[in-house]
Amino acid sequence: MISLIAAVAADGSIGNGNQLLWHIGGDLQYFKAVTTGHTVIMGRKTYESIGRPLPGRKNIVVSCSNLEFPSIPKYKKDGTPSNTSIEKAEDLPRLLKSLKRKKEEVFVIGGGSIYRAAFKDADRLYITRIMATPENADTFFPAIDLNEWEVVNSSEIFTDTENNIEYQFIVYRRTDKRPKTK
């Protein structure tokens, strides 16, 4: 199953200058809880903005550039196996096709061009709906057509007191109502 996870502002924006628009503690905790133990797919710029592989996940970076990744120990300091890995893929459609055949849930975590390319293959969307609109944004999430997606879970509305922003977690599932392509 291919899932996209993103924090999306009221106008659909998700970033500016290769950075998140806000750092909301509750959203970051949610992201970690949902994606840990799974494969995460990201573009090169997203990987560079994070600066390291996300722990507890298989990290796949989509890029045609030569990338150098840090060495990841096979075992943690306590002697338990490390479940963190990182690899590069050059062909996102082929990668998604091969992962879709597996039964595991895989998360696309950004950036904008990777979301746009993966959107048509997505089965689920994990959206943190940010109830604010930033002044400056240069990256946007694809529009969610409610004729093609249905809400399967939504949380209460939370307030991030540090940023004075309300937000809500919403999970969408793709319906079978997609327009037929010829």
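Trainee: To start, what volume does the largest pocket have?

Mentor: The largest pocket has a volume of about 1000 Å³. On a 1 Å grid over the protein atoms alone, a pocket is an open set of points with protein on both sides within 12 Å along at least five of seven lines, a cavity is a set of points where a 1.4 Å probe fits but cannot get out, and lining residues have an atom within 4 Å of a point. Grid points are joined across faces, edges and corners, and the volume is the space filled by probe spheres set on the points.

Trainee: Before we go on, where do these numbers come from?

Mentor: This is a predicted model, where local features need pLDDT of at least 70 and side-chain atom pairs count only at pLDDT 80 or more, while totals for chains, interfaces and linings use all residues. Residues are numbered from 1 along each chain as its sequence is written, and side-chain values use heavy atoms, with hydrogens and water left out.

Trainee: Back to the pocket, then. Which residues lie nearest its centre?

Mentor: Leu 20, Thr 46, Ser 49, Ile 50 and Ile 109 do, out of 36 lining residues. At least two lining residues come from each of E1, E2, E3, H1, helix H2 (44–50) and H4. Those labels are DSSP runs numbered from the N terminus: helices (H or I) have at least four residues and strands (E) at least two.

Trainee: Is Ile 165 buried or exposed?

Mentor: Ile 165 is buried, because its relative accessible area is 5%. Buried means under 20% relative accessible area and exposed over 50%, with partly exposed in between (1.4 Å probe, protein chains only).

Trainee: Let's switch to H1. Which residues of H1 are buried?

Mentor: Gly 26, Asp 27, Tyr 30, Val 34 and Thr 35 are the buried ones. Seen down the axis of H1, they fall within an arc of 145 degrees, so they line one face of the helix. The arc is taken from the directions from the helix axis to the C-beta atoms. Gln 29, Lys 32 and Ala 33 are exposed on the other side of H1.

Trainee: What do those buried residues pack against?

Mentor: Strands E1 (2–9), E4 (39–43), E7 (106–108), E8 (124–130) and E12 (165–174). Take Thr 35, which is in H1 (residues 25–35): it counts as buried because its relative accessibility is 0%. Leaving aside neighbours within four places in sequence, Thr 35 is in contact with Ile 5, Val 40, Arg 57 and Phe 107. Just after H1, Gly 37 takes a positive phi of about 90 degrees.

Trainee: What about H3, which residues are buried there?

Mentor: Leu 92, Leu 95, Leu 96 and Leu 99 are buried in H3. They cover an arc of only 95 degrees around the axis, which puts them on the same side of H3. The face turned away from that side carries the exposed residues Pro 93, Arg 94 and Lys 97.

Trainee: Now the largest nonpolar core: how many residues has it?

Mentor: It has 26 residues, and Leu 4, Leu 92, Leu 95 and Phe 141 are among those with the most contacts inside it. A second, separate core of 19 residues includes Val 34, Ile 109, Tyr 126 and Val 171. A nonpolar core here is a set of buried Ala, Val, Leu, Ile, Met, Phe, Trp, Tyr and Cys residues joined through side-chain atoms within 4.5 Å.

Trainee: Last one: what order do the strands of the open three-stranded sheet have?

Mentor: The order is E3-E2-E9, with antiparallel pairing. Strands count as paired if DSSP finds at least two bridges between them. Two bridges join strand E2 (residues 13–16) to E3, and Gly 15 stands opposite Leu 20 in E3.

Technical notes
Contact = heavy atoms within 4.5 Å.
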